[in-house]
Structure formats: structure tokens, C-alpha cells
Amino acid sequence: MTRPAYVIGVDVGGTFTDVFILDETSGQVSTAKVPSTRGDQSKGFVEGIGSRVENFADISTVVHGTTVGTNALLERKGARTGIITTEGFRDVLEMRRRDRPTTWGLKGSFTPVVERPDRVEVSERVLADGTVLEPVDVAEVKAQAKALAESGCEAVCVFFINGYANNENEKHAVEAVRSVWPNAYVTAATEILPEIREFERLSTATLNAYLQPVVSSYLDKLEKGLEAKGFGGDILIVQSNGGVMSIDMAKRYPVRTALSGPAAGVIAATAIAKAAGFDNIITCDMGGTSFDVSLVADNEAALAAQTAIDFGMVVRTPMIEITTIGAGGGSIASLDTGGLLQVGPESAGSDPGPVCYGLGNDRPTVTDANVVLGRINPDRPIGGKLARLDVEAARRAIDSHLATPLGLSIEQAAEAILQLANAKMAGAIRLVSIEKGHDPAKFSAMPFGGGGALHTGALIKEVGLASALVPRFPGVTSALGCVVADMRHDRVQTVNRLLDQIDAAELGAEMERIGDETETLLESAGVAFARIDRVMELDMLYLGQTHTVNVAIDIPDTGLTRQGIRDAFETAYREAYGRLLDGIPMRVMNYRIAVIGRRPKLDMAVFAPVDGKPAGDCRIGTRKVFADGAWHEAGVYERLQLAVGATISGPALLEQADTTIFVDPGLVAVVDGFGNLVIKPGA
Amino acid sequence: MTIDPVTLAILKGRLEQIADEMDATLFRSAFNPIIAEAHDASHGIYDAKTGDTLVQGKSGLPIFVGVMAFAVKAVIEKAAKQGGVHEGDVWIFNDPYDGGTHLSDFRLVKPVFRDGEVFCYLASVGHWHDVGGNVPGNYNPAATECFQEGMLIPPVKLYDRGEFRQDIVDILSSNSRLPLSLYGDLNGQINALQLGEKRMNALLDEYGDARVADCMGELTARAAQMMRAQISNLPSGTVSAEDFLDNDGINDEPLKIALDLIIDGDRMVMDFSRSSPACAGPVNISRATTIAACYVALKHIFGDVPANAGVLEPVEFRIDEDSLLSVRAPKPVGGYTETILRLIDVVFQAVAQIAPELAMACAYGTINALSLAGHRGNGQRWVMFSFFGGGHGAHGAGDGLNHGNAPISTATIPPLEILEAAYPVRFTQWALRPDSGGAGEFRGGLGAVYEIELLEKQADVFLFGERGRFAPPGVVGGGAGALNTFHYQQADGEHVPPMASKIVGVHIDRGQKLRLETPGGGGYGHAFERNPESVARDLRLGYITAEHTEADYGVVIGPDGSVDDAATRDLRARETAQ
């Protein structure tokens, strides 16, 4: 008998650790959900796999979307870190870009992750054109490094002004630091990001150093835990850009895991949608306090060049662009001082959570509105501690806080909460679609996580989306994403010269060289690829502008030319802004190279329901649901028992263990060949 | 027709989104960093009849929220004399006496027509890089008439019934030192208005004109209601606050800004009658600008009041004609930012007396517009122009923010690497300024030190700053932040400007340096109330230096850096008894 060969995706969340297992030999998949182990997540991780896999030697690859880095940043639980920098500039990290957290009200504060005494200066200076004005004194660097280590710093970041233009001084300094530093946690700013803009480069590099001890030790434990069970394969880590990297790269560049977990979810959504024939989707992840949206156009998730994890905590590496708004199940509905209804941003979260959880909150939330209107089954609660949700308490809260003051019925007020929450979510969807020039009629909403599927019907109506696509297992989407993610490395280098002054052939050759180098690195990870792609881009602008346009570049066999670059820029600029600005010189700010190793595709047909039943046989009852101003008798169905092709007209409720799907009146849901539910306006 | 509360809330969000999208369009496509990086621009939707602000973008410059209504009113009045506005018109102007602020701010106003009638106006304002005048970048501290500050364009048509008037652009371009930048910014503003019109029409098609109009009226009424509710929470009576500008750049005499704030039930009077008369130099402001600055101050204090005209309905302004706060042409107004920062400071100081829980101490209070200009070896002209940061005031819940942006703006500072790459300068220091935050139970945020060395053969230096003579006050017993200082080197040694923080066109040569040290914010509450551990921490972090722990805070720190509790108790008791 052939032995199984498992590829396993693991997503560790705050509450549950989700495991997705693919047996490449048989093509079979299975999933597991086990409680996360706080403190040492690697325990739950190994146990989760152990609950389904007998022999760890049968596992070829484990791919992991981790929130260890994200949480360490948000909770400020990184290592004590030192910074060695150019004389005169130790406060760059704390001074930021001279901003403030909120436009109105001057009551913000900021505490940098590295305290002022741990930021030390050495004499050295490079000018903007790359000239070394003053060489670095390595003896001084060593002395400073030793002092930092002795004072208790566990990690250190070396950052010199204008290092993007010439990192000679920085390199010498980094070598000197590494020669005396007691561990491997030494970050060089230009190794992380050789790009102009000192605060963004320093912030990214500092956060890398700050995360390194935390993420490295977690990954070490994970490796040991798996090895102890007989695992001998590869461990890959999902990066914020949606690609995976080797575990060794992750230990060196932990800042690239800042959005590892959410990125995995978007990758899975992309793969599921592509298999189902949907090229354009908007992923919607609704949690207790927030609603996260990402746009996937032509099967590519949009990437943001820079993300602020929190005020002043800027990470400038490509990350899946996730737009977050404060509208979740726990978002509180209230009246403002002018008597206007508002939902969020204040949230009851999951503890105490909605009123119906009975944990002490008495202000109505979005979930309470869903309960009152019959969309959530009070006898099958997904959160909270009650066996049955307290519908009456939810009604009372909506009545006293909203319905009575507004002169509405309880149902009307509850529906108003949903309409307003939907409007906010629709606004977020518009922000990532219409405002970026995409036509929503070409997009489908894909909800994942627990709450999204209650709202997608309303969202497609409100924004004018073509349809909604609800994956078969919305709850394990991120773990699935790990298994299907490609391997990806991004490189950037600042050029900052006028196009007319650039030797285009030389620039092209350099980009090819960096591309080759990166490809070698990719291949050294020992992972099998279906093929390897390269994406080459220039960040360009007209002389005098400060915001750049991404210009896709093809380097022909005959080499790159200025005319080729000019044409590519004009195409990109016209697309972004409409009008070209003739006669103004162009500048090349950076080049960017992404090398992507495409992993073999998972056949999504493995999710197709086996022995499915027609809709009528899956109907388990009816429930009264309030929608569009009236009560309806809606059919309730067991979602996972539905056969391919089963069709259900709204209003209807489809239930499964980790989510409830509401098909609004006027919409029709059909099970496709992959087990997804496609919801569209009825004919 | 009554409008249901749900539609109202939804339309509010949709309208705000249109204004936000116009902001984003200009920020992305603008040429000059003052718009692209510092977001010195704004967009909104205005009433068809009165020009009142209906909705304003959230990401634009705060001071423009409120002042833009005056710009739209100016266009409505001008157009009325010429037979009204027409579909496809776009008006452009920068007359500060009609539309507020200063000559650098160019406003474009476009009517949105529905069925042959104006439904509303859209407007865009942006700070252009150079609009002529005596000083590159237009911060001329020696101006005595607006003609020395730049070109003054009254409301004229940039588009006439849809037809683009290149002659207007030619006039504007030939009056700027940086015509390409001007052209790029102008294009960005046109893009923003066109996008706004498209979105507005789509919204009106979806919801119907009447419903949207009702909703706009209702939002204004509710804003007034909210503001009245906020005012009602304040105790009735009168409080006063005064603060001073160092000088007007021409005569070295302080200028007074005095506020008598009268609370009467749910109404408020802001009486500035005791303020100085109009001055010779460029720190005068128009009445429109004064009102807009008060709006900014109130919105910082009350937070959730919306950005529309209703907010000012329960507020009465008393501002004398031809005073510093209500000037007419051709009095110079180029340095308006300094005066409005001081206006915000007096509002903060007055409110702190009656509502300390809402109050913030004064922020650093000067934008420090610094320009360095010269020619490169190849004869090409360069102008480096930037604003610099300082500390925010402390408040009842914590210390002030270090190195923040001015209350009137959300501007970020350009990266020094970008400045060094673009101009022949080298920064030798870019750091926090110890001891610059006002002492208090909560300490003011720290200002900054910026030191710049010239790398080209020579350059002219211009600075327009304030707070060189009157430091940012604390509130509720807190101390003041440090004064603004500026030093420049010349062959004969180091100098300070005769007008404290204002200087026009001094020459410096290669290798010579400028050093700007900006104020911190004021403190909140008495410094002896500050937790001694916080003082020890400030000392350890170098936010304050050793000589200030005892003198300012009455805290005795031992040789190991920890608080000597007994000695601190004694010292505080002794000092308090005196």
C-alpha cells in the first residue's frame, strides 16, 4: 500500500487552531479544529495535527499562518531592542513623520517600541548621492553594541541615514555588531528595506528586530515539537504578502509575518474563487469588532506597499491590502448627541459581547439585531456561554436604547441597525472597489469567518455586486490558504534618478541579476513548484510629484530602453489619472521585483458534496425572519447535506456548525460543483 | 417631508465619502509636497443658495473646514453680478479677503446642476508651491501689502460653460516661480471636482434630488442641535483669555488676541473686541479666517460635532472691523497660520477655566515656515520650503504628544532623506528637544531640534515663525513650553533674527548651519502634582534634564536615578508653603 503524503495547513487563531490536511497520494482532505493553547501556541499546533495524522513521518510539508508576530506587535510584547544610528538622529523612530493619531482632539500619545536610552548614536555620515562623508568607526560601534547588550537588549537594529543610497558604512557596522552580539538577533535596516524615507525604513527594521526573538523562539519550539513526533519535512510560513517563505527566512525577517494569518485567508478565498470560475472577488471577514475587506481582481489579491499596525508602528513591506472598519457582530448601536443612529466603532467584542450572550452588556449590538430578527438560531449559539441566546434581553435593549427614542417598532429598529451596519460594510467595499476604479458588478462577495454570511446578501444588493460565493467551510479558510499559497519573495531598491539620466540597459541588467539571485534563494527552500514567475515594477513619477505610480516592466531580450520605460509609465499614469503631463521629466524612484514560485494547485473538487440530498430533504424546519419591513416564514436547511445543484430561494436560513447563511428575500442560492454556495438575485 | 433616520445616516456616510474621495484624488495627483505630503488642501459640498458647508472631507486640512463656505459665497456673489452661474462653469480665485486664509491657497468652485438648476456647489482648495510675490514660497515676513505676497486673483472662470480657458492658466503660470508645479496641482484639483460631480450625480440618481436635499438640511439642523447640547453642558457666565504674537515682522511689538467667552444657556458668544487693531505686517487675518479658526478649536474640544455649517448656528462672533482679526485689502495676510494658532490657543485657555475635563494645554503654536533658496552650479533655481513640528499640550488624561503636527493641519513632515535628495542641504540633527515640554501634573509634549547645513555655494534663508517671545501656556496650573529659537551662522559668527522668529533673505554660505528649536506644548495641572515616578522616568529618557527635576517638579532624584521619596515630600511641602 502506498503511504500517505500529507501537506498540512495550520492557522492559529485566538480561540481555535484550525488544521487542514491534504493527502497528496489519495487526494483526500480532512480538517480539525482544536482549542488554541495560549502561552505556547506550538502545543495546540502539534496536537491539532496529531488528532488526524498517526505518523508524522508521512507529512511532507507543514504550512503555517501565524499571528504570533501580529499579537506581539499589538500587545507590545516584543523583545527589548537597541538601535545603533547616525549621530544626530536617534529620535527618528519617536518623531515619526510628525503626525497625530486622530485629526480632532489633541489627546493622542505614542510610545516607541525602543526606549530613548536604548537608541545610541555613532559618528558616520553618507550623503544623499551615496558619497561617504565620514566613514564609520567600527571600534565605536562595537563599544556601543556591547553596552546595549550588557544593559539587557536582546535584539539590535543598525540604521544609518541615506543607507538606501550607499550601505557601505551600515554594512561595516553590522559586521562589527555581529562580531560582538551574543545571539543572531541583529537587523540591518537596508537588508530589510533599501528604500528612501528614513522613518519608514527604520520603523520596519526596528519592528523586525523587536519581533525576532519572539518569533524565532516560537518557530524553534514548533520545529522541535514536530521533529519530536518524527516529522522530517519542510515548514513554510505565510508572509503578509500572501506568499510563503522557509522557516529560516521567517526567523530572519519576522516583520514579514505581521499579517500572516489574515493573508492566508485571502489566499484561500482567491484559490476557491478561481476554481469556481470567479476571477474577481471581495473577501469579507466579519469578526466581533471589525470587518476586514480585501479585493482580488483577476485572481490577484491587491497588495499595499505600507501598513500601520498601530499609530506610529509602520511596516513598509508589501502586504495583502486589508481594509478594516469598526463594524462587527459586537458593534454597539446608539444615538449620538444629535439623535442620529450610529453603529460602532464602539464594540462589546466577544466578552461581554452582545446583550443576548447574557454576560453583562446591556447596549444593543449587531448580533442582537440578527437574533431579534430571527436570522440567528438562538438554540445554536456560536459564541457566549449560554446554551440558548437571550432573545428577550436583546429585544429589551433595542427597545429602550433605540426603538422608543426613535419612535420605531423593535423590529424596525433592529432592521435599522442591520441596514446601517450593512451600509458601513458596503462603504468599505466601495472603498476597495469603486474608488479604485473597479466596477462592483464584476465582483462577488466571499464571506469567511463566522459572521459574514448573514450579511452578504444585503451587501450584494447594496453595492450592486454580481453575487456572493460562500465557501463550503468558511471556518477553516485560513488553514486551507496555507496549503495553496505560493512561495514569494519581494525585493526593492531605491534608484531616485531622472529617466533621462538612467542607463536603461544597465538598470534592466541589474534587475535581472537581482531576480536571478532571488530565484536561487527560492529554489534553495527545497519546495516543488509548478513554475516560477517574476514580476518587475518601477515606482515612477513626474519630476516634482511625491506619490509614485506602479509601472509594470517587461525586459525584452534586447534589453531595457528608456523609450520602453517611458511608454510603460505613460500607460500606467493614464490609467491612474486620465491626463498625461507632457513636457515634464520623469523620475524612477525604486525598482521592485517579486519572484513567485507557483505551488501545484489543489483540486477544489475535493470539497464537492458526496451523497448530497435535494434541498427539500435538507429542510429541517422554518423560522420567522423579519426582512424588508415584514415577517417572513423562512425555511431552515442543513447546509452541508445539500447536493450539487440544490437550489433554495430566499428568504431562507442555511445552518452549519461554524456559520449561518441568510438568503435574503429575492435572492437564490445554488450549490456549485465544489460545494460552494452561489447566491444571486433571482430571475 | 420627513426623512427616516436610517436613510439619513446612510446618506450622511455617502456624502462624506464623496468629499473624502475628492481629497484622495488631489493628494495622489498633486505635484507639490505641501498638498501631496502635508495634505494642505480640502474638498466639500456646499449649499446652492447660501454657500454654507453641507459636508466636508475628513482628510483635508482642518482649518479649511469652515473657511470654504466663504469662498463659495464669494463666487455666488460675483456670479450674480454677471448673470449667474452656468452648467460647466468652474471658478478659480485666491482672494483671501473674500474667501479666507492667504494667497497661496487657490480655490476652485464648481456648481452641480440638476434639471437646469444649481443643486449644490463642490469646491477644492489647495496650497500652491509658489504664487509670485517677493519671497519664494510666499511666506514674506516683511510684507506690508498683499501685493508683496503674491498674485491676487479674484473669482474668474477657469471653465466657461464647459470650455477650458487656457488664457487663465497662462496668466497664473507666468506669475509663479514654479509653473510646472502649479500646472500639476491645478490639474489635480480639476480631477477632484470632476470626480466629485460624477459621484454626486450617481448618488442623486439613486436616491432622488429631493430626498438628498432634505437630508442635507436635516444634517445641518442636527449639527446645530448637537452643538447646543454641548454648550448647555458648560456653566453660564463669562471667562477671558489673552495671548500674544511676538510681532508682525515690521514693528517689533506684541499683538494681543483677547477672547471673552460668554456662555448663555445653549448659546455661546466669542467676543474678540479687546484684540489688537490691524497691523502693518502679514499676521492679519480676514473675518472668515477668524471664524474658521474658532470652528477648529471647538471641534478639537468637542470632538464629535460634524463638519457642517450648523455647528456655528448657536455661536455669535464679535470681531471689530479692521482689527487684526478682520482686515481688508491690501493688508498683508501671508502669515495667517500664526494668528489662527494663537486664536486656537486662547479658546483652549478660556475653555480650560470652565471645563478642565475637556481641555488641552496649548500646542507649540507656530508652523515655522522655513525656506532656503538659491541656484545650483548649473544655474537652476531651487527652493526648499517646509513647516516644522513641535510638542502638543498636555491634557487631563496624559502627557502631550512629542513632535506632533499643528492643530490646524494634519500635515506630515517630509522625510529628511527626501529633502536631502532634492536639495543641496544636509541635516546634522533631527531630534527631540529636552526640557521643551511645559511642566505640569501632565507634561507638555516635546518640541524638536532641526539643524541644517548648506552644501551649495550660497543660499538665502527666510523664516516665518512665532512663539519666540511668548511661550505656549499651560492650563489648569500647568507651566509653559519652551520658546521657539532660531540661529544661523555667517562668516562673522552665529546670529539670531532681530524679530525673534522672523527673518527675510539672509545669505549663508556653504558649510554654514541653521538651527531651529521648536516649542514643546504647555503643561496641565500643577507640576507638584506630577507622580514623582513619572519625573524619574522623564529624566531617565532624557525628556528633562537633571536641573529641572527639583526646580520645576519638586522631585529629588537619588544618584541611582530613583525617587528619594522623603526628600521629595519635604521639598514639595517647603516650596508649597512659600
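Good morning. I begin with A:D628, which counts as exposed because it has 10 C-beta neighbours inside 10 Å. A:D628 is not a glycine, yet its phi is positive, at about 50 degrees. This residue sits in the loop between strand 29 (619–627) and strand 30 (630–638) of chain A. Helices (H or I, at least four residues) and strands (E, at least two) are DSSP runs, numbered from the N terminus.

A word on the source. This is a predicted model, in which local features need pLDDT of at least 70 and side-chain atom pairs count only at pLDDT 80 or more, while totals for chains, interfaces and linings use all residues. Residues are numbered from 1 along each chain as its sequence is written, and chains are lettered from A and ligands numbered from 1 in the order in which they are written.

A second residue with positive phi is A:R197, a residue other than glycine with phi near 105 degrees. Is A:R197 buried or exposed? A:R197 is buried, since 21 other C-beta atoms lie within 10 Å. Its place is the loop between helix 6 (189–192) and helix 7 of chain A.

I turn to cis peptide bonds. In chain A, the bond from A:G650 to A:P651 is cis, with omega near 0 degrees. A:P651 belongs to the loop between strand 31 (647–649) and strand 32 (652–656) of chain A. In chain B, B:A329 and B:P330 are joined by a cis peptide bond with omega of about 0 degrees. B:P330 is found in the loop between strand 11 (315–318) and helix 9 (336–354) of chain B.

Next, helix 1 of chain A. Of the 10 residues of this helix (residues 41–50), seven are buried, so it is largely enclosed by the rest of the structure. The buried residues are A:Q41, A:S42, A:G44, A:F45, A:V46, A:G48 and A:I49. Their cover includes strand 1 (6–12), strand 2 (16–23), strand 3 (29–35), helix 2 (68–74) and helix 7 (198–228) of chain A.

Now to helix packing. Axes are lines fitted to C-alpha atoms, for helices over the stretch in contact, and angles run from 0 to 180 degrees between N-to-C directions. Angles under 35 degrees count as roughly parallel, over 145 as roughly antiparallel, 65 to 115 as roughly perpendicular and the rest as oblique.

How do helix 4 and helix 5 of chain A cross, and at what angle? The axes of helix 4 (residues 138–150) and helix 5 (residues 168–180) of chain A come within 9 Å and cross at roughly 45 degrees. Helix 4 of chain A is therefore oblique to helix 5 of chain A. Contact means that the C-beta atoms of two residues, placed from the backbone, lie within 7 Å. Helix 4 of chain A contributes A:V138, A:V141, A:K142, A:A145 and A:K146, and helix 5 of chain A contributes A:H172, A:A173, A:A176, A:V177, A:S179 and A:V180. By class, the contact has seven nonpolar, two polar and two charged residues. Here Ala, Val, Leu, Ile, Met, Phe, Trp, Tyr, Cys and Pro count as nonpolar, Asp, Glu, Lys and Arg as charged, and the others, Gly among them, as polar.

The axes of helix 11 (residues 391–406) and helix 12 (residues 410–432) of chain A come within 9 Å, crossing at roughly 90 degrees. Helix 11 of chain A is thus roughly perpendicular to helix 12 of chain A. A:R395, A:I398, A:D399, A:L402, A:A403 and A:L406 of helix 11 meet A:I410, A:A413 and A:A414 of helix 12 in chain A. This contact divides into seven nonpolar, no polar and two charged residues.

Finally, the contact between the chains. Chain B gives 64 residues and chain A gives 56. Elements of chain B that give two or more residues include helix 1 (5–29), helix 6 (179–207) and strand 14 (425–432). Helix 1 of chain B supplies the largest share of the chain B side, 10 residues. That side of chain B comprises 28 nonpolar, 24 polar and 12 charged residues. Thank you.

Methods. Buried ≥ 20, exposed ≤ 12 C-beta atoms within 10 Å, placed from the backbone.
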